[in-house]
Amino acid sequence: MRLKPIALSLLCLPLHALSSPSLTGQTGLMAMPDARMEADGTFGIGYSFDRPYSTIWLNSTVLPFLQVNGRFVGVRGIQGFANNSQYGSYKDKVIDAKLKLLSETDLLPQLAIGKTDLFGTELFKGEYLVASKQIGPLDVTLGYGKRRPDGLFGGMRWQLPYENGAWTVLAEYDANNYKKDFSAGATFAGKRDPGPSLGLAYRWGWLGAQVSKSRDTASINTYVQIPFDEKEYVPKFLEPAPYRSEVRVRPSAEQWHGEQAYRRDFLKALHQQDFNAVSVGYDNGVLSLSFTNTRISNIGRSVGRALRTALYFAPLETRVIKLRVNRNDLAIADYEFFDLPRVQDYLNGKATRQQLQDVAIVRHAQKDQLAESFDIVSAALDEGLDAKLVSDEDGHAIQLKGQDRQLNRYSLAPRVGMFFNDPSGALRYEINAYGSAQFRPAEGQYLDAGFSQKVFEDISKVDNPSNSRLPHVRTDIAEYKRGNHPKLIQLAWTGLFQPGERLYGKVSAGVFEEMFGGLAGQLVYYPAGARWMAELSTEAVQQRDFKGWFGRRDYKTVTGLASLHYRMPMGVTVTGRAGRFLARDSGLRMEVKRRFKSGIEVGAWYTYTDGRDTTNPGTPSDPYKDKGIFMAIPLGIMLPTDTQAAVKMSLSPWTRDVGQRVDVPHDLVRILEEPNRELALGDGMGNIGERPDDPSYDALPDPAWWPSANGVRNRFAASLGQAPALSDTALAVGAGGVLLAGVASRDKSLDKRLGKHSPGSAQKAWDKVGSAAPVLAVGAAGAAMALSDDPVLVNTAIISLQSAVAATAGSMVLKNAVDRARPKEAQGDSWAKSKSGDASFPSNHAAALFAAVTPFAEEYRAPWLYGVAGLAAAGRVAGRDHWASDVAAGSLLGYGTGYWLWKTQRKLSVLPLVGEDGKSVAMTMNYQY
C-alpha cells in the first residue's frame, strides 16, 4: 500500500506543456518534427506503431539546446535474417539529434535544425530546418526537410482548455516519401503517400499517449517522460529521524576514559544510524571521529548526523569535534567544528548557515592529520552478521542480506540481464541467483566473492560463431553462458592505500569477472577542489575458461590506460582515456556524461583504436569503432528512504572485441568522484542541517577552483545568466553559414591548384605548423593554469582548456555525421563520402586551435591571435589534409565554443580568503568583476 502515494507523486509532476514526442521519439507533431524541446534534463522512453514500423525509442534533452534520440525500429514485412526465423522482422538502430538555434520571442519563432539517422546503416537519414510559433491557443509549425522528411512540412497543435491542458488536437502535413524507404516495395511503406494527418494526444504528468490517422493508416504512440533535473521524485517520509536524546547526562573527560560504557553507548548510537568502521578518540578537549556511512548518499548529511550524535555523547570538556569521512577505508574529507554551542544552535534551527561557516573548517582529508590512537573502534561491538530478508534495498526487489559493523557483508538476490539485437535473436536474457560477499580482513583490505546460479537464460542459444579477427575477449559470451552452473564470477583481493593527500591507490589480484582474472593496479590524483582528476590503470590478465571455476585459456595480455576526467559547466564531465585495451589494440576512448540535479547521469562513449574490427557493419576500409550510451540512476531519488545504491546500464554492441576493458572491483574513480564533487560545491557541507539553506544545494553548473600563489583557493562561479542572447547567437550562426557557403564554393578550384604540383618544402612546413598549433595552444593554456600567479590568467586558461575539449568533441561528432572524404581521397569530388573512415569535415585541428585561443583573444583584447590561428590552420589546406571549408567550419565551431564558454564564465570571481591566528579562523569574501 505504501507504493501508492509514491506512484501518484511521480506521475503528477508537471512537464513542458508545448512539447510532446512524435512517432520517432523526437519532439514533434505526429510523424513530423517541430522546433520544440522537452525541458532541460527530460528523459523519455516510449513505443510507437506506424505501419510498417514498430519503434522502441529513447530521447533525452541532454543540454538546454540539444536533444538526442535513439530508436530501435522494426520493419514489418522484411525478415531480419533469411536463415533465422526466430529473429523476426528486420530491425535497425537509429540515432537522431535536434539543435535549437533560436528561442521563441514575441516576434520570432523558435528555430531548430535536426538530423536523423546519424550513424550506421542510415536507412532513415534526413535533415530538416523547422520553426514553431505560439499564436493564441495554437502552436504552429513550418519546416523544410531533405530525404526524410522530403520537402515542405508543417502543422499545428491546439491545447484544449480542459483538465489543465491535458488534451491536445494535432494536425500536420506528413512530407515523408515512404515509397523511397528501405525495401518499401516489400512492405506497407510502398502503399503510403505524403499527405495530411489528424491526431489526439493526452498527457498526465509523466505519462502520455497519442493516436493519429492519415489517409493510409492509423498510428499510436505511448510514452513516459521523466524530468531528470528534479532534485528527487519521492519525499523521504520513511527516512529515520536524526538522533535525539531528550534526557542524557554527558560524561566528564575522566568518566569518558574511566568507564567504557560511555564510549560503547556512543558507538552503538552511531551503528544504529548505519555508521560503520567507526573509530572514536578523545584527547585534551578534542573529540575525533572517523567513520564510513554505507547508506546516506550526501556526505554533508552524514556529517550532520554524526555531529548531532557526538554533541549528545562528547565529554563535557569537549571544545572541538573533528570528523573524518571515509569511503571503503579511504579518507575523503576532514571536518572540524569549534564553538560547539553555536554548532548546536545551527542544528536546532537557531543559527544561520553563515554563522556555522564561521566556526567550521572543511578540507580534503590530510594524511596522518587525525589522531591514530582511538579509545574505541567498531570491532569492540562486533556482533557478527545480522542476516535478514529485506525488500526494496540496493536495487533488489528482495534479497537475503547480512552485514556487520566492520564493512563485512553478503547478499543473495536475483540478477537480470538483457541483450539486444544479436543476429540469432532480437532479445536475449538471463536471470540468475547471484550471491556476493565482501570480507574485510584488515583496514584497507577487501576480499570480494561472487557466485551465480542460472535460473533462466537463452544467451547460450546464440549459434552464430564470431568472425572477429581480433582476440576474442568478449565475442565468445555464449560459450561462457553454456558453462557449468553454479559458476564463480569473482574472487579477488584488493588493497586500498593513500600515499598522500588527494592521491589514492589500489592493487587487486584474483578472479575479477566472468571472463578475466589476474593482477591490476590503479592510481588516482586530483588537486584540491579542482575540476579534473587524473587516473593511471594497468592490468596483467589471463582469460578464464568457459566452465567458470579456476581453469584458464591461453590468451594473456597487459593493458594500460592513462585517463583524465574533467568537469565542465552544466554538470558535464569529459573523460579521455589513452593506451592499450583488452584485445591488444591501442588508441583513445572519449566519454561524455552529464549529471542532473537528481543525480542521474547520462552519457556516451566512442573509442578509436588500431584494432581493425571488420565484423558488420565494419569493413576492411572502415573498421568498426566501439561506441555506446550509458546511464546511472541513484535509487535514493525514487525511494522514501536514502540509499547509496544505483542502477547502471549501457546500450552497446555486446559481441565486440575492439576497445574493451577489464572490470576490476573497487574502482577508485567511482568511489572518489561524487565525494570530490560534493566538496567542491558551496561550503562543502552539503545538506548538513537537513534543511535547504546551503546556497549551492541545487547549484549547477559546478564551481571551478584553482590554487593561487599565496596558497588561497580562488573560486570561479560560472554565471550562465550572462550568456550571449540567443538572437545574437542566431545572427552569428547565420553569418557563419553564409561565410562557410562562400568558402565551400571555392573548395574545388583551390584544391585543384594545390594538387597540380608536388608540395614544396615551405608548403610541407606550413602543414606541420597547422598540425602542431593546437597542441602548442592547449599546452600553453595548461602551463598558464598550473604555473601562473594571476587569477585572471588562470581562469582564462581553464576556459581555454574547456573550450578545446568541447570543440574537439563536437567536431568528432560532426565528422562521423557528415563523413566527407579528404581531398586526396575524393579525387575532385568535394562532397564525396569517405571510404577510408578518415573523414574530413570539419577540421579537428582548426576547431581545437580556435577554441583554445578565443578566450585569450577576448579576455586580453588581442584579435591578432585570430590571425595567427587562421594562418596556422590554413596549413591543413596547404598540405591537402582538408578542404578550405573544413578548416572554415572547424574555425567557426572553435570560435563559437570558446566565445560562449568565455562569455558565460568570466563575469564573477569569488575569492574566499582564510586567515588563522591560533585562536580563531576568519573568512572574508572578495568579489571581482
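Student: What makes Ser-843 a cap at the N-terminal end of α14?

Tutor: A side-chain oxygen of Ser-843 lies 3.4 Å from the backbone nitrogen of His-845. A polar contact is a pair of N or O atoms within 3.5 Å, where within protein one must be able to donate a hydrogen and the other to accept it, and residues adjacent in sequence count only if both atoms are side-chain atoms. The 3.4 Å of the Ser-843 pair is therefore within the limit.

Student: What kind of model is this, and how are its residues numbered?

Tutor: It is a predicted model, in which local features need pLDDT of at least 70 and side-chain atom pairs count only at pLDDT 80 or more, while totals for chains, interfaces and linings use all residues. Residues are numbered from 1 along each chain as its sequence is written, and side-chain values use heavy atoms, with hydrogens and water left out.

Student: Where does α14 bend?

Tutor: At Val-853, by about 30°, and Pro-855 follows within four residues. The bend is the angle between axes fitted to the seven residues ending there and the seven starting there. Just after α14, Arg-861 takes a positive phi of about 50°.

Student: Why is Arg-474 called buried?

Tutor: Buried means under 20% relative accessible area, exposed over 50%, and partly exposed in between (1.4 Å probe, protein chains only). Arg-474 has 14%, so it is buried. Arg-474 lies in the loop between β23 (445-457) and α7 (477-481), and its side chain reaches the backbone oxygen of Arg-661 at 2.7 Å. Helix α14 is mostly covered too, with 13 of its 16 residues buried.

Student: What makes a set of residues a nonpolar core?

Tutor: The members are buried Ala, Val, Leu, Ile, Met, Phe, Trp, Tyr and Cys residues joined through side-chain atoms within 4.5 Å. The largest one here has 59 residues, and Tyr-335 and Phe-337 have the most contacts inside it. Helix α4 (residues 299-313) gives the largest share of this core, seven residues. Beyond four places in sequence, Phe-337 touches residues including Val-303, Leu-307, Met-685 and Ile-688.

Student: How do you know that β31 and β32 pair?

Tutor: Two strands pair if DSSP finds at least two bridges between them. Six bridges join β31 (residues 601-609) to β32 (residues 627-634), so these antiparallel strands count as paired. Glu-601 stands opposite Ala-632 in β32.

Student: What makes β17 and β18 edge strands?

Tutor: In the open sheet of six strands, the order is β17-β16-β15-β14-β13-β18. Strands β17 (360-364) and β18 (376-377) each pair on one side only. Strand β13 (residues 275-283) and β18 pair in the antiparallel sense over two bridges, and Ser-279 has Val-377 as its bridge partner in β18.

Conventions:
Contact means heavy atoms within 4.5 Å.
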